[in-house]
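Trainee: I would like to learn how to read a protein model one feature at a time. Could we look at one together?

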Amino acid sequence: MTSAQIEIQLIASVVAVACAIPGTFLVLRKMALISDAISHSILPGLVIGFFITHDLSSPLLIILAALSGLVTVILVEFIQKTGLVKEDTAIGLVFPALFSIGIILIAKNANDVHLDVDAVLLGELAFAPFDRLLVDGIDFGPKSLWIIGSILTITVVLLMAFFKELKVSTFDAGLATALGFSPAVLHYGLMSVASVTTVGAFDAVGAILVVALMIAPAATAYLLTNDLKKMLFLSIGFGVLSAISGYWLAHWLDASISGSMTTVLGVLFLLVYLFAPNRGLLSVLYRNKQQRLEVSLLTFLLHLNNHSEVEERHINHLNEHINWQKVRSKSVVDLALKNNMITIDDSIISLTEKGTSFTNKAIDYIITNDDTGIESMKEDFFLFRG
């Protein structure tokens with residue numbers, strides 16, 4: 001492995017960590033689309049900063065681009081608060097307008113500048129190690145690594161200093177206000193960090209990967225945990241994993257590094273979306289199936305409780321009178337037997353003492369809707385779990 005390969009993976013990993021932190025809060029605040037808006041609307045700030053300094057490496061570009069990102073957020077909030085359109089519509093109105101202003105400024109004042117699609121949209125990490133930070137002839141490594149590393153350091157310091165405030169304002173803005181926090185200040189502070197991070201990573205990885213690293217790891221982690229700290233660590237882990245494995249996928253396929261990293265992020269999200277223990281699609285489908293089965297079980301027990309006639313309690317009656325298919329009938333009977341709710345004697349089904357007690361409690365719950373009456377049954381049946 002060459003030093004350039006190590007530096008590329010290191011830059012991508014640092015960008016992944018820097019993006020995952022604000023991205024986690026954006027996902028929790030249901031503001032994922034704002035990262036895409038910021039990544040495009042910073043263009044006017046970059047252009048104006050370049051016109052002032054004529055230096056692409058000037059810190060003024062980052063400052064003005066971050067301010068441009070803040071302007072995006074303020075305009076989106078202003079339009080949304082009018083109540084005439086929703087947030088996603090407001091975002092769709094604001095960022096194309098600001099992005100277009102940037103394009104017009106370039107076309108009118110820097111028409112000879114070539115905007116490379118790879119550099120602007122996809123980014124080109126392969127070139128990042130060649131843009132070195134030289135001080136008095138001493139090579140301190142890739143310039144982008146120092147930029148995004150500095151942003152990450154500031155982000156981590158701010159996170160540690162304001163973690164409690166961010167947590168409270170994210171989940172309960174009213175409580176934050178009551179405790180003396182200012183949700184608005186925290187909101188715009190978070191947007192500032194997101195803007196600066198986007199600008200810092202823009203040159204190295206491009207807009208598409210910035211958005212992917214800010215949202216996809218956090219969205220993936222959100223499917224696995226409800227704990228904020230765990231979600232932050234999982235987001236960082238998913239981002240770094242995707243950065244490194246995406247690089248080697250690009251190396252193997254001889255393809256775009258940023259594109260490969262984004263693809264890995266998508267694959268990771270798909271796997272978690274399908275197989276997450278609690279929120280995965282397969283788990284949800286299983287729980288829905290289980291719930292339908294247990295609702296059928298309750299219907300079956302109520303039927304037995306209401307009918308003492310032998311013919312009504314014959315096992316074939318399930319198919320003839322309750323109008324269930326044989327497979328469904330067998331599943332319900334098997335579940336009732338497994339839980340010792342019924343006994344079967346010469347194809348005649350009878351409630352056990354446990355089945356009768358359960359059914360009576362269920363009837364009381366249906367009539368009164370009193371949760372205290374089913375506390376003892378919650379562990380046994382999905383139907384009564386929260």
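Trainee: Is Asp 254 buried or exposed?

Mentor: Residues are called buried under 20% relative accessible area, exposed over 50% and partly exposed in between, with a 1.4 Å probe and protein chains only. Asp 254 has a relative accessible area of 72%, so Asp 254 is exposed. This is a predicted model, in which local features need pLDDT of at least 70 and side-chain atom pairs count only at pLDDT 80 or more, while totals for chains, interfaces and linings use all residues. Residues are numbered from 1 along each chain as its sequence is written, and side-chain values use heavy atoms, with hydrogens and water left out.

Trainee: Where is Asp 254 found, and what is its phi?

Mentor: Most residues other than glycine have a negative phi. Asp 254 is found in the loop between α10 and α11, and its phi is near 55°, a positive value in a residue other than glycine. Asn 340, in the loop between α14 (326-338) and β3, also has a positive phi, near 55°.

Trainee: How many helices and strands are there in the protein?

Mentor: Helices (H or I, at least four residues) and strands (E, at least two) are DSSP runs, numbered from the N terminus. By that reading the protein has 15 helices and 4 strands, and buried residues make up 43% of its 386 residues.

Trainee: What span should helix α10 have?

Mentor: The expected span of a helix is 1.5 Å times one less than its number of residues. Helix α10 (residues 228-253) has 26 residues and should therefore span 38 Å, which agrees with the 36 Å between its end C-alpha atoms.

Trainee: Which residues of α10 are buried, and what covers them?

Mentor: An α-helix has 3.6 residues a turn, so residues three or four places apart point the same way. In α10 the buried residues include Leu 228, Met 231, Leu 232, Ser 235, Phe 238 and Gly 239. Their cover includes α1 (3-28), α7 (143-171), α9 (183-222) and α11.

Trainee: What is Ala 212 in contact with, leaving aside its neighbours within four places in sequence?

Mentor: Contact means heavy atoms within 4.5 Å. Ala 212, which lies in helix α9, is in contact with Pro 217, Thr 262 and Leu 265 once those neighbours are left aside. Ala 212 counts as buried because its relative accessibility is 13%. The C-alpha atoms of Ala 212 and Gly 23 are separated by 9.6 Å, although the two residues are 189 residues apart along the chain.

Trainee: Which residues make the nonpolar surface patch?

Mentor: The patch here, of about 810 Å² by the Shrake-Rupley method with a 1.4 Å probe, is made by Val 267, Phe 269, Leu 270, Leu 271, Tyr 273, Phe 275, Leu 281, Leu 282 and Leu 285. The elements that give two or more residues to the patch are α11 (257-275) and α12 (281-306), and α11 gives the most, with 6 residues. Tyr 273 lies in α11 and is partly exposed, because its relative accessible area is 37%.

Trainee: In what sense do β3 and β4 pair?

Mentor: Two strands pair if DSSP finds at least two bridges between them. Strand β3 (residues 342-345) and strand β4 (residues 348-351) pair in the antiparallel sense over 4 bridges, and Asp 345 stands opposite Ile 348 in β4. The two strands form a hairpin with 2 residues between them, and Asp 346 in the turn has a positive phi of about 55°.

Methods. Patches are made of residues with over 30% relative accessible area and no salt bridge: like charges are joined within 9 Å, nonpolar side chains (Val, Leu, Ile, Met, Phe, Trp, Tyr) within 5 Å. A salt bridge is a side-chain nitrogen of Lys or Arg within 4 Å of a carboxyl oxygen of Asp or Glu.
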